[in-house]
Amino acid sequence: MGAGNAQRHCAALRRSFAFRRKANRLKLCFTTYFSRFWAKKGVFSLQVKYSASEKVAGGKLVSIEVSAEDNVVSGVKITGDFFLHPEESISDLESSLVGVKIPFDWIDTEKKLLTAITDKRLELVGVKSGNIISVMQKAVSEGPK
Amino acid sequence: MDGQWRVIALEENAAAKNMALDEAVSNAVASKASLPTIRFYGWNPSAVSIGYFQSLEKEVRLHECEMLGVDVVRRRTGGGAVYHDTRGEITYSVIAPAELFPKDIIESYRVICGWIIDAFALLGLKAEFKPINDIILEGKKVSGNAQTRRNGILLQHGTILYDLDVKKMFTVLNVGPEKIADKFIANVEERVTGITKNSGVSKDEVYQALVSAFTKDKKWSFGNYSQQEIVQAEDLAKTRYASHDWNFMR
């Protein structure tokens, strides 16, 4: 009796798990499809975050966190043990990358960074503009996190 | 280096006060209210300082710091996270008009790091400058340095490791694999050293050697902080360097 009950109980549990898995799969498909549909209609935005780090050979560590809305960079945070003079200008570097479309053009994007560096007379030590773009590329290619 | 220099003798302060004093002295030197200054100091309680661009939560094991009573502060210079043990290291700051040093940043690191290397030589130790901002002894890092330039003033501060508590250092610091990736060293404990691992000199002898080397060929005298510097440092310690907004800025 006891064994029969246990078998029935296990079978019910399996059915319940299988049902939940199917339901979750359906829910994911449904939300992905409708998110994209409504995002395209401009009803709401798809927000994603990318991040990556790189230790520059002979230089310093640079990490980047990129937020994007509908494949356009909406926020950037650059951290690491590099040097930048003057230090507060890190926000100028970060904001120069806002508005870049993903996937981005390496040369155009580095140009934006170099313009901020030249215009504000910034000095980066231990990391070059190309390294920042390279980490950004790595972050985007690894996909949203 | 023809002008007169002020040397502030070895003192101990809490982390926020140490960073606030650097800034208050920089302001006073910028306004010519104070002479170019060399400070020697320790951290009491022991502390972790992180670079301006670092993420506090990523670099520091905050829970362990709290458990061990280790202070945490963000510097206004770039560079990496450093564990400042009260007994195990001496920190210095050089605060002077930038025109006294090479315009090239690496070259100016080389000049001031050269003074530290001279101090090691006085102790019979052969250390080397490793650009960008390190000094190595027997192939391992023994001193890390960081620099900023504002309002025409160069501020360089750095640590000289005396007696290394490697276990505590890596208990309070988070060292990710990227940081050591290009150095082919799997064990982070093999990257750093302290003077006691290479010599039997006392901490006081190290301090005396640092004073001799830093003041060589300079007109100098020991001095104290001005009242203006003390008042401003106390304010900056409270409003900036001990504040959550500053320390968790990134």
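**A strand and its neighbours**

Tutor: Take strand E2 of chain B, residues 37-43. It is mostly covered, with 6 of its 7 residues buried. Keep in mind that this is a predicted model.

Now look at the partners. One is strand E1 of chain B, residues 4-13. E1(B) and E2(B) run in the parallel sense, and 6 bridges pair them. To find the place by eye, go to B:Asn13, which stands opposite B:Trp43 in E2(B). How does the chain get from E1(B) to E2(B)? It crosses through helix H1 of chain B, residues 15-30. This β-α-β crossover is right-handed.

Another partner is strand E6 of chain B, residues 89-97. Here the sense is antiparallel, and E2(B) and E6(B) pair over 5 bridges.

Next, step back to where chain B touches chain A. The contact takes 19 residues from chain B and 20 residues from chain A. On the chain B side, strand E9 (140-150) and helix H6 (177-180) are the elements that give two or more residues. E9(B) gives the most, with 3 residues. By type, that side of chain B divides into 5 nonpolar, 7 polar and 7 charged residues.

Last, glance at chain A. It has 4 helices and 5 strands. From the N terminus on, their order is α-β-β-β-β-α-α-β-α. Of the 145 residues in chain A, 30% are buried.

Notes:
Residues numbered from 1 in each chain as written. Chains lettered and ligands numbered in written order. Predicted model: local features only at pLDDT ≥ 70, side-chain atom pairs only at ≥ 80, totals over all residues. Buried ≥ 20, exposed ≤ 12 C-beta atoms within 10 Å, placed from the backbone. Contact = placed C-beta atoms within 7 Å. Nonpolar A, V, L, I, M, F, W, Y, C, P; charged D, E, K, R; others polar. Pairing = 2+ DSSP bridges. Right-handed = clockwise from strand over helix to strand, strands pointing away.
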